[in-house]
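My notes follow in the order in which I looked them up.

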Amino acid sequence: MADSKTKSGNNPVKIADNISELKIKQIEDEVASSYLLVDIGANLTNSKYSRDLDSVVERAKDAGVKKIMVTGASVQCSKEALRLTRLYPGMLYSSAGIHPHDAKTWTDDCYDTIKELASNPECVAIGECGLDFNRNFSPQDVQMEVFEKQVQLACEVGKPLFLHERDAHDDMVRILGKFKDRMPPAVLHCFTGTSAQALKYLEMGLYIGLTGFLWKDKSDDGVRSILEKGLIPLDRLLIETDAPFMYPNVRGSKIPANIKQALSDRSLSFLNRYCTFQRNEPCALPVIVEMIAAYMKRPVEEVAMATTINAIKLFGFS
Ligand SMILES: [Zn+2]
């Protein structure tokens, strides 16, 4: 004891302080790196990842994202998503379906093709499917018809639905309602609606998927206030990056100081080093869960754990 004091020179207290700060930082890093998250929606078939997918997947792992669902949004994209799962077994999973934007590409053989893709164990959901009356890239009547076929298919194969909805809440509720007695579990991914809409989806038994969209929600009755009011029970919440989209701009002036303070250095370092508006990555997920937990005023470990358990339950990951 006396010996080490002598060796430490005449300012042992300062050194001790430095050591303990370092120690605290290490412990914080360990806690942060012990995240065990599931990104339930990343568009890793996007050409933006074609050059460095290995690094993207490796970074996600380092950040604590242990499983990623690669979104299928067209027949081609769903095939490619399934192919990626073979390259990263146990880490990547896929969904198979046709996005409402691409509903107009539906042909008679799509039903059987998606069914065939969904017969693989790595393909854990039907979708992304649904309704997008915001952009209307496909005519609304075609969207509804193609969506209904995919819900039918999910019922037939018994795999969960990965749903997309923009400005089409009533029709989404109406179509899902037709299948209510036999519908498999479903998640409304990248939810951006109102509290009444969230409550309706929850009442129907759906899970709610949240992304980095949170940062730009400015409405009085949107995702932020839904979280602040605690309207989404923890056992119905899922998290996703929707990468390369939905970059969480945590520097944005719309984010209150207390939320910014809740973000850990480690999570921010992944976000700031690797993610941009042009290309978000699954390694942004820790920042998203920290932001969600801060709005919910709950410990981030609790939210992380709950969302992971929900994903395992919903998609049947091992
Ligand atoms: Zn979507």
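Entry 1, helix pair. I found that helix H12 crosses helix H13 in a right-handed sense. I note that the model is predicted. I then listed the residues in contact: Val289, Glu290, Ile292, Ala293 and Met296 from H12, against Val300, Val303, Ala304 and Thr307 from H13. I sorted this contact by class and counted 7 nonpolar, 1 polar and 1 charged residues.

I consulted the UniProt record, an unreviewed entry, which lists Glu128 and Asp242 under "binding site". I checked their spread: the two positions span 115 residues of sequence, yet they cluster in space, with a largest C-alpha distance of 11.2 Å.

I located Glu128 in strand S4, residues 123–132. Is Glu128 buried or exposed? I class Glu128 as buried because 29 C-beta neighbours lie inside 10 Å, and the cut-off for buried is 20 or more. Leaving out residues up to four places away in sequence, I list its contacts as Thr71, Gly72, Ala73, Ser95, Gly97, His99, Phe162, His164 and His189.

I placed Asp242 in the loop that runs between strand S8 (237–239) and helix H10 (257–261). I class Asp242 as buried too, because it has 26 C-beta neighbours inside 10 Å.

How values were computed:
Residues are numbered from 1 along each chain as its sequence is written. This is a predicted model: local features need pLDDT of at least 70, side-chain atom pairs count only at pLDDT 80 or more; totals for chains, interfaces and linings use all residues. UniProt positions are given in the numbering used here, feature names are shortened, and annotations may be inferred rather than shown by experiment. Helices (H or I, at least four residues) and strands (E, at least two) are DSSP runs, numbered from the N terminus. A residue is buried if 20 or more other C-beta atoms lie within 10 Å of its own, exposed if 12 or fewer, and partly exposed in between; C-beta atoms are placed from the backbone. Two residues are in contact if their C-beta atoms, placed from the backbone, lie within 7 Å. A crossing is left-handed if the near helix is turned anticlockwise from the far one by less than a right angle, and right-handed if clockwise. Ala, Val, Leu, Ile, Met, Phe, Trp, Tyr, Cys and Pro count as nonpolar, Asp, Glu, Lys and Arg as charged, and the others, Gly among them, as polar.
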